[in-house]
Amino acid sequence: MQPTQEVAATLRLAVNVISERGRTVGVFERTATGPVCMIGAIRVAAHGEACTDDELSEAAIEAVSARIDSPIVYRDPIERIAEWHDRPERTGDEVVAQLRRIANELDVSVARQVAA
C-alpha cells in the first residue's frame with residue numbers, strides 16, 4: 001500500500017472511531033474510550049492514542065489540514081483543523097463527510113498516478 005493509500009485508509013478508520021466513540025470539541029478526547037475530536041479520531045485510527053502523533057497520524061493530519069477551509073494561514077495543521085472542527089455551527093455529520101471526502105480525493109490522486 002502506498003503512503004497516500006494508508007492515509008486515506010486512516011481517514012476512513014477515523015470515521016469509524018467517531019461513529020463508535022462520539023464527537024467532542026475542545027479536547028482530543030474526553031476519556032480513554034469516550035468522544036474524540038477529528039484530530040483525536042485520526043490519531044486513534046493511526047496508532048491507538050488520541051493525544052500523540054506518529055508518522056502516519058502526522059501525514060493524515062497534514063492531508064486534512066491542506067484540504068479544509070480555515071482562516072488560519074500559518075503552517076500549523078493542528079490549529080487549522082481545530083479551528084475548522086470546533087466552530088459552533090459544525091456538526092458531526094460534516095466532520096465525517098469531510099474525512100470521507102478527503103479520503104476519496106486521496107484515492108483519486110493515487111489512481112491518477114497509477115494510470116499515468
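Colleague: What makes Arg101 and Glu105 a salt bridge?

Modeller: Their closest N and O atoms are 2.2 Å apart. A salt bridge is a side-chain nitrogen of Lys or Arg within 4 Å of a carboxyl oxygen of Asp or Glu, so the pair qualifies. Keep in mind that this is a predicted model, where local features need pLDDT of at least 70, side-chain atom pairs count only at pLDDT 80 or more, and totals for chains, interfaces and linings use all residues. Residues are numbered from 1 along each chain as its sequence is written, and side-chain values use heavy atoms, with hydrogens and water left out.

Colleague: Why are Arg101 and Glu105 separated by about one helical turn?

Modeller: Because they lie four residues apart in helix 5 (residues 92–115). Helices here are DSSP runs (H or I, at least four residues), numbered from the N terminus. Salt bridges that share partners also join Arg67, Arg101 and Glu105 into one network.

Colleague: Why is Arg101 called partly exposed?

Modeller: Its relative accessible area is 32%. Buried means under 20%, exposed over 50%, and partly exposed in between (1.4 Å probe, protein chains only), so Arg101 falls in the middle class. Glu105, at 34%, counts as partly exposed too.

Colleague: How do you know that Glu94 forms a salt bridge with Arg90?

Modeller: The closest N and O atoms of Glu94 and Arg90 are 3.4 Å apart, which is within the cut-off, so the pair counts. As for burial, Arg90 has a relative accessible area of 11% and is therefore buried, whereas Glu94, at 33%, is partly exposed.

Colleague: Which salt bridge has both partners buried?

Modeller: Take Arg21 and Glu29: their side chains meet in a salt bridge (2.6 Å, N to O), and both residues are buried. The structure holds seven salt bridges.

Colleague: Why is Tyr74 called partly exposed?

Modeller: Because its relative accessibility is 48%. Tyr74 is found in the loop between helix 3 and helix 4, and touches Glu79 and Arg80, not counting residues up to four places away in sequence.

Terms used: Helices (H or I, at least four residues) and strands (E, at least two) are DSSP runs, numbered from the N terminus. Contact means heavy atoms within 4.5 Å.
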